[in-house]
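The following exercises are to be worked with the sequence and the model side by side. Each task is followed by a solution in steps.

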Amino acid sequence: MMPRIYGERIMLREYREEDLTYIQEWVNNEQITDMLSNIFMFPHTKKKTEKFLNMMLESDDLELCGFVIALKDTETYIGQTDMVKIDWKNRKALIGIIVGRDENQSKGYGTEALKLLLQYGFYRLGLNKIELEVRAYNKKAIRCYEKCGFKVEGVLKEDYYSNGAFTDTIKMAILKREWEKNLA
């Protein structure tokens, strides 16, 4: 069983079958999915969302580690954060995060979840580097990542097409030693 990680207001916990309803609420919300990857270009049926959830419930893939972001007192789903493409040889991983409802955004839940995930990645998994990609127009996410210590490593110019225009993709990362320095 996967560990649970507790913060002040939230916890990172395992995926559950009852999370399907919450995930289905945001997977077709353009305001949310416009900030994410190409897999959200087309509508997601309930069956497609169930397939993703079942993959997370049953996965023994060593390159994937996923957590639900849940309220600590009720364990209610508010989002998810996943480490994908865990590269054990080079001790790094690519992460993604989503807070799925408007009423839970801009409350610091994402920042708290990322800090917990970084602690888990660096100390429990022994990673040295955690990376992410973000669209240049996603200013709220960029501020969150910077608060957590991520630095820009590069910009992929006009890499992503959305709403009739090309936008840059920003590659950000944080090293374990940088994260530890921020803690001091």
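**Exercise 1.** Leaving aside its neighbours within four places in sequence, which residues is proline 3 in contact with in this predicted model?

*Solution.* Begin by placing the residue: proline 3 is found in the segment that comes before β1 (5-6). Next, set aside the neighbours within four places in sequence, and the contacts of proline 3 are then Leu12, Phe67, Tyr120 and Arg124. Finally, take a C-alpha to C-alpha distance, which for proline 3 and arginine 13 is 7.1 Å, although these two residues are 10 residues apart in sequence.

**Exercise 2.** How do the axes of helix α4 (residues 109-124) and helix α5 (residues 139-147) cross, and which residues of α4 and α5 meet?

*Solution.* Two packed helices are described by the distance between their axes and by the angle between them. Here the axes of α4 and α5 come within 9 Å and cross at roughly 40 degrees, which makes α4 oblique to α5. The crossing in which α4 passes α5 is right-handed. On the α4 side, Gly110, Thr111, Leu114 and Lys115 meet Cys144, Tyr145 and Lys147 of α5, and the residues of this contact divide into three nonpolar, two polar and two charged.

How values were computed
Residues are numbered from 1 along each chain as its sequence is written. This is a predicted model: local features need pLDDT of at least 70, side-chain atom pairs count only at pLDDT 80 or more; totals for chains, interfaces and linings use all residues. Side-chain values use heavy atoms; hydrogens and water are left out. Axes are lines fitted to C-alpha atoms, for helices over the stretch in contact, and angles run from 0 to 180 degrees between N-to-C directions. Helices (H or I, at least four residues) and strands (E, at least two) are DSSP runs, numbered from the N terminus. Angles under 35 degrees count as roughly parallel, over 145 as roughly antiparallel, 65 to 115 as roughly perpendicular and the rest as oblique. A crossing is left-handed if the near helix is turned anticlockwise from the far one by less than a right angle, and right-handed if clockwise. Contact means heavy atoms within 4.5 Å. Ala, Val, Leu, Ile, Met, Phe, Trp, Tyr, Cys and Pro count as nonpolar, Asp, Glu, Lys and Arg as charged, and the others, Gly among them, as polar.
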